[in-house]
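Open your viewer and get ready to click through a protein one stop at a time. At each stop you will select a few residues and read what is there.

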Amino acid sequence: MIYTSNTELPEKEEGKDYCFLAGSIDLDLSGNWRKAVIEEINDSMHFFDPTRTDHNKLNDTQMKEHIKWELDALNLSDRILLNFLPNAKSPISLAELGMYVRSSKLMVVCPDQFYQRRYVGVLCDKYDTPFFDSLEEAVKHLKDNIQTRGLN
């Protein structure tokens with residue numbers, strides 16, 4: 001199941017993992033990394049996808065509700081896949097990194113081209129947060145971890 005900020009957050013289903021797809025958003029890209037992750041993992045877990053194509057058009061009240069939904073979904077999730085795109089600034093993603101780097105639910109994708117890669121890498125290393133160069137590596141890790149837990 002895929003939950004967006006246009007849907008109500010669920011009661012957690014027994015035996016299912018919930019993954020928040022955090023990270024860079026570039027609505028002009030031809031590919032959608034969140035959609036690719038969801039398709040690769042299939043029905044093995046539920047996803048929180050914060051993508052809003054109308055993000056820049058939200059009024060203050062709508063933006064406040066969207067942010068609250070994201071914070072509640074991050075808190076509810078069992079895992080957070082945080083993906084930094086190479087040419088993005090990602091200030092909100094950097095804030096989410098700081099909020100969850102000490103938790104056991106965060107895993108980070110940060111390519112060499114990301115402008116703050118060294119900082120992100122050192123932070124993840126200090127707190128034993130799984131760190132990957134590519135989304136494909138992170139998805140493989142996520143899939144292997146699901147299978148290890150016997151949820152597949």
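**Stop 1: a pair of strands.** Select strand 1 (residues 2–4) and strand 3, which pair in the parallel sense over 3 bridges. Helices (H or I, at least four residues) and strands (E, at least two) are DSSP runs, numbered from the N terminus, and two strands pair if DSSP finds at least two bridges between them. Click on Tyr3: its bridge partner in strand 3 is Phe48.

A word on the model: it is predicted, so local features need pLDDT of at least 70 and side-chain atom pairs count only at pLDDT 80 or more, while totals for chains, interfaces and linings use all residues. Residues are numbered from 1 along each chain as its sequence is written, and side-chain values use heavy atoms, leaving out hydrogens and water.

**Stop 2: strand 3 itself.** Is strand 3 (residues 45–49) largely enclosed or open? 5 of its 5 residues are buried, so the rest of the structure largely encloses it. Buried means under 20% relative accessible area, exposed over 50%, and partly exposed in between (1.4 Å probe, protein chains only). Show the side chains: Met45, Phe47 and Asp49 lie on one side, His46 and Phe48 on the other, and all are buried.

**Stop 3: the largest core.** Select Phe20, Phe84, Leu97, Leu106, Val108 and Val120, the residues with the most contacts inside the largest nonpolar core, which has 21 residues. Such a core is a set of buried Ala, Val, Leu, Ile, Met, Phe, Trp, Tyr and Cys residues joined through side-chain atoms within 4.5 Å. Among the elements that each supply at least two residues of this core are strand 2, helix 2 (60–76) and helix 4 (117–126).

Zoom in on Val108. Leaving aside neighbours within four places in sequence, Val108 is in contact (heavy atoms within 4.5 Å) with residues including Leu82, Cys124, Pro130 and Phe132.

**Stop 4: a loop residue.** Finish at Ile25, in the loop between strand 2 and helix 1 (33–41). With a relative accessible area of 44%, Ile25 is partly exposed. Not counting residues up to four places away in sequence, Ile25 touches Arg34 and Thr51. Try the distance tool on Ile25 and Met1: they are 24 residues apart in sequence and 21 Å apart in space, C-alpha to C-alpha.
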